[in-house]
Amino acid sequence: MATDAQLLIRDARIVDGSGSPWYTGHVLIDDGTITELRRGDGEKMTGDIVVDADSRIVCPGFIDVHSHSDLELFEDGTLAPKIRQGITTEILGQDGFSMAPVTGREAQQAWQDTIADLAGRTDHGWTWDSVSEYLAAVEEHGIAPNVGTLVGHGTVRFEVMGMSDRTPAADEVEAMADLVTAGLEQGAVGFSTGLVYPPQYNADTAEVAALASRLHPYGRPFVAHIRSEGRWLWEALDEFIDIGAEYEIPLHLSHFKVAGKQQQGKSDRALHRLDAARERGVDITADQYPYAAGSSPLSALLPPWVHTDGPSGVLERLHDSELRERIKVDIERWRIEGWENYGAQAGWDNVVIAHVESDANEHLQGMSVAAIASERGVHPVDVVCDLLVEEELEVTSIEHGMAEEDVERIMADRRAAVATDGLFGGQPHPRTYGTYPRILGTYVRERNHLELEEAIRKMTSLPARAMGLSSKGLLRPEMDADIVVFDPSLVDARSTFDSSTRFPVGIDHVLVNGEPVVTDGEVTGNRPGAVIRAQ
């Protein structure tokens with residue numbers, strides 16, 4: 001809820017989010033909306049509350065276009081790790097894992113068990129069946145940032161088919177597609193898929209296309225974690241782009257990267273694929289986090305067949321010594337065509353445990369699978385299997401498998417927005433706490449890799465445009481008063497792979513809908529965030 005008082009931000013260097021050069025000016029806010037921007041002398045401007053920017057940067061609030069805060073926001077409505085970075089809007093329902101639609105308490109418990117290693121859990125209670133009910137639950141709980149959600153491929157497939165690995169019948173495809181349409185009608189800002197994760201891994205192109213095609217009348221984006229970002233990257237990009245071209249729908253490529261030794265150094269080739277897509281008339285954008293390592297549930301390192309019967313089936317298979325040998329061979333020999341084999345792709349020295357649930361294994365957080373294997377005297381695949389059993393699958397990992405030169409080349413592309421893709425718990429990937437300050441501190445100030453105005457465009461108006469958020473991403477009269485005030489000479493991420501839960505410095509004030517959620521670098525506890533329902 002916006003404050004009733006007029007708020008004036010004076011003596012600012014205004015970066016408006018468009019990419020235009022900064023200018024000196026003043027911003028007036030009333031009832032959650034920007035009412036006036038004035039250059040030069042602001043002595044005659046008045047407000048009930050006055051914030052002196054003292055020549056610091058004032059810009060639109062940052063939009064995290066790839067967030068996994070879907071359940072975390074019920075545990076911490078302030079989402080402190082995000083708002084302290086300057087994030088004022090989050091897009092949930094990523095990688096095909098939206099929190100709805102799932103009907104029936106038994107199915108909802110099974111779905112929460114399935115996604116717990118990615119989305120965590122909540123003590124709030126799963127009180128919703130549909131997308132509209134989930135958004136209403138978020139609204140009732142109260143949140144600091146604004147949030148919108150995509151409707152997820154994995155969710156609708158689970159609702160219709162469970163964790164089955166079979167090809168759906170025609171009526172099942174129609175039922176899934178109807179659930180996508182229902183989610184869009186209820187305000188979902190788009191449709192997402194995560195084709196490396198079960199049950200979505202089992203979908204063929206025809207299934208994906210049938211569901212994505214429902215976006216066409218709405219003009220909303222198809223947001224994809226494609227089938228591969230490593231060994232089969234080129235085929236995965238072609239599949240994604242061809243769907244966009246055939247059905248004339250906007251595309252947004254999640255966490256754009258070229259991963260694994262086989263693809264390192266080929267980011268220019270991947271960017272040319274985007275060039276070719278736009279020449280075909282495909283509206284394609286992307287997002288990226290500014291690190292040369294990814295993060296995923298540890299269970300994603302298991303072959304797809306292990307997941308067929310859901311979490312209980314996974315645990316049963318991991319207890320079977322013969323099936324463990326099959327898992328080892330599948331991983332070491334790359335026996336499964338098209339499967340994103342994270343362990344073999346990165347190498348066990350480069351797969352690090354980020355989060356475990358138990359106190360008994362807490363000391364393993366920050367250790368590589370190879371180091372744990374050496375300590376325990378077992379094969380690295382046994383470490384993966386044993387940890388998943390010991391933690392009942394709730395383990396996340398960090399995979400170091402990219403080259404910095406590729407990260408920087410993709411970052412410089414005008415179509416690449418900034419996103420965290422941040423998971424919570426334990427010692428998470430530092431992107432959860434540090435993505436936006438790292439861009440501003442490391443890549444703008446220290447390396448001069450990006451101009452300040454261009455970096456802010458990638459955090460504001462570009463993601464707003466990609467997600468259809470027409471009232472966000474720019475400092476203009478009548479736009480939402482989501483605003484960040486930061487010191488460009490100080491702003492920096494303090495989170496690292498060794499100490500990933502440290503908050504950033506240099507971000508002084510954050511407003512959401514005109515109300516402060518961060519003041520003088522500290523969280524206020526206010527929850528003025530709004531639920532975004534696409535129209």
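A cavity, on a 1 Å grid over the protein atoms alone, is a set of points where a 1.4 Å probe fits but cannot get out, and its lining residues have an atom within 4 Å of a point. This is a predicted model, where local features need pLDDT of at least 70, side-chain atom pairs count only at pLDDT 80 or more, and totals for chains, interfaces and linings use all residues. Residues are numbered from 1 along each chain as its sequence is written, and side-chain values use heavy atoms, with hydrogens and water left out.

**Exercise 1.** Find out which residues line the second largest cavity, and sort them by class.

*Solution.* 
- Step 1: list the lining, which is H255, F256, K257, V258, Q288, Y289, Y291, M402, A403, D406, V407 and I410.
- Step 2: sort them, and you get 8 nonpolar, 2 polar and 2 charged residues. Here Ala, Val, Leu, Ile, Met, Phe, Trp, Tyr, Cys and Pro count as nonpolar, Asp, Glu, Lys and Arg as charged, and the others, Gly among them, as polar.
- Step 3: look for the biggest contributor. Helix α15 (residues 404–411) gives the largest share, 3 residues. Helices are DSSP runs of H or I with at least four residues, strands are runs of E with at least two, and both are numbered from the N terminus.

**Exercise 2.** Stay in helix α15 and work out how far apart R409 and D406 are in it.

*Solution.* 
- Step 1: the two are 3 residues apart, so about one helical turn separates them.
- Step 2: their side chains meet in a salt bridge, at 3.4 Å from N to O. That term means a side-chain nitrogen of Lys or Arg within 4 Å of a carboxyl oxygen of Asp or Glu.
- Step 3: check accessibility. D406 is buried at 2%, while R409 is partly exposed at 31%. (Buried is under 20% relative accessible area, exposed over 50%, partly exposed in between, with a 1.4 Å probe and protein chains only.)

**Exercise 3.** Which parts does the salt bridge between R324 and D382 tie together?

*Solution.* 
- Step 1: the closest N and O atoms of R324 and D382 are 3.1 Å apart.
- Step 2: R324 sits in helix α11 (residues 321–332) and D382 in helix α14 (residues 380–390), so the pair ties together parts 58 residues apart in sequence.
- Step 3: both R324 and D382 are buried.

Notes. On a 1 Å grid over the protein atoms alone, a cavity is a set of points where a 1.4 Å probe fits but cannot get out, and a pocket is an open set with protein on both sides within 12 Å along at least five of seven lines; lining residues have an atom within 4 Å of a point.
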